[in-house]
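Notebook open, model loaded. I'm jotting down what I look up as I go.

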Amino acid sequence: MPTDGQSLAYIILAHKLPDQLARLVRRLHHPQDLVLVHIDAKSDQAPFEQALADLTGPNVRLCRQRFAIHWGGFGEVRAARSALGLAFELGHWSHAVLLSGQDYPIKSQSEIRGFLAAHADASFMFSSASRDPWPADGRQGNDTWYWDGNLLRLRLRYYRVGRYLVPLPGWWHWGIPGLARIPGGLRLRQGSAWWAMHRPAAQWVLDYGDRRPEVQRFFSRALIPAENYFQMLFDASPFRDQLVQDDLHFQCWDRWHPRVLSEADLGPLLASHKLFARKFDADQHPGVLDELDRHHSAPAESSGPAR
């Protein structure tokens with residue numbers, strides 16, 4: 001890969017919709033960029049290999065190491081960390097961008113690359129310290145991540161029993177249960193699971209996790225640690241002041257989950273200053289992806305800052 005500092009490393013976590021995944025990779029792929037795809041170990045990889053057969057090569061790869069990703073578990077963090085380590089092995093890049101297989105760009109390839117090149121020292125991630133005003137609808141809005149400061153996701157220990165996560169106290173002393181202690185050096189933070197970290201910060205976060213196995217053990221028993229792990233480690237880094245409070249994603253929330261976007265959302269999607277959106281399902285609403293592709297096949301306009 002070139003070493004001009006302008007390349008990107010995309011990490012995509014996928015578990016279904018192989019043809020849609022291939023479409024996403026085609027839209028993202030640039031000769032200077034790296035695309036690493038992690039397929040959930042619970043999914044059959046063969047359909048994904050077939051869908052990506054004409055795309056895989058030196059800069060587009062399926063991750064060799066696969067992890068089972070269960071809702072609320074540590075597998076998502078393990079998969080992202082492993083793919084991030086592989087990205088460092090494979091070449092130089094300016095930013096690592098974490099996406100899901102149901103994400104899709106809502107800006108052109110040149111706009112995405114240009115925006116991140118213009119913010120070479122910045123990392124993009126929501127990281128709330130729980131001081132945010134909680135919205136009346138009980139959920140974060142599209143542009144801001146809110147956290148009410150509830151600590152039970154971190155203070156209890158969660159163990160998987162079949163499909164379910166069972167919470168238990170963090171420790172027992174003389175038969176009295178207690179809450180788990182946050183590892184030293186880390187402050188409470190929470191945010192969206194999706195991010196774009198510039199290279200030095202991503203290296204620092206990866207190395208910090210490797211140096212401190214007790215941090216990995218702590219988060220492996222947290223609930224939905226993908227919304228705390230990277231935020232809390234990044235906050236402990238010397239790059240914390242270079243954080244932009246934005247995960248660069250457009251989303252429309254239906255209570256606690258982003259709903260599937262359709263053609264009816266095209267107006268807000270095209271008007272948004274975000275770079276990506278989620279989530280899409282080509283089996284339900286293929287037309288919205290067609291329209292996004294059609295729009296970005298025209299010459300791209302200069303993009304403003306994501307907000």
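Which residue in β16 does Tyr-104 stand opposite? I find Ala-277 across from Tyr-104.

Ground rules first: this is a predicted model, where local features need pLDDT of at least 70, side-chain atom pairs count only at pLDDT 80 or more, and totals for chains, interfaces and linings use all residues. Numbering runs from 1 along each chain as its sequence is written, and side-chain values use heavy atoms, with hydrogens and water left out.

**Sheet.** I looked up how β5 is held: two bridges join β5 to β16 (residues 276–277), and the two run antiparallel. Strands pair here if DSSP finds at least two bridges between them. The open sheet has three strands in the order β5-β16-β13, with mixed pairing. β5 (104–105) and β13 (249–250) sit at the edges with a single partner strand each, so one side of each has no neighbour in the sheet.

**Whole chain.** I get ten helices and 16 strands, taken as DSSP runs (helices H or I, at least four residues; strands E, at least two) numbered from the N terminus. Of the 307 residues, 54% count as buried, meaning under 20% relative accessible area with a 1.4 Å probe, protein chains only. The C-alpha trace spans about 70 × 45 × 40 Å along its principal axes. For contacts (heavy atoms within 4.5 Å), I took pairs at least 6 apart in sequence, and 77% of them join residues at least 24 apart.

Key: Buried means under 20% relative accessible area, exposed over 50%, partly exposed in between (1.4 Å probe, protein chains only).
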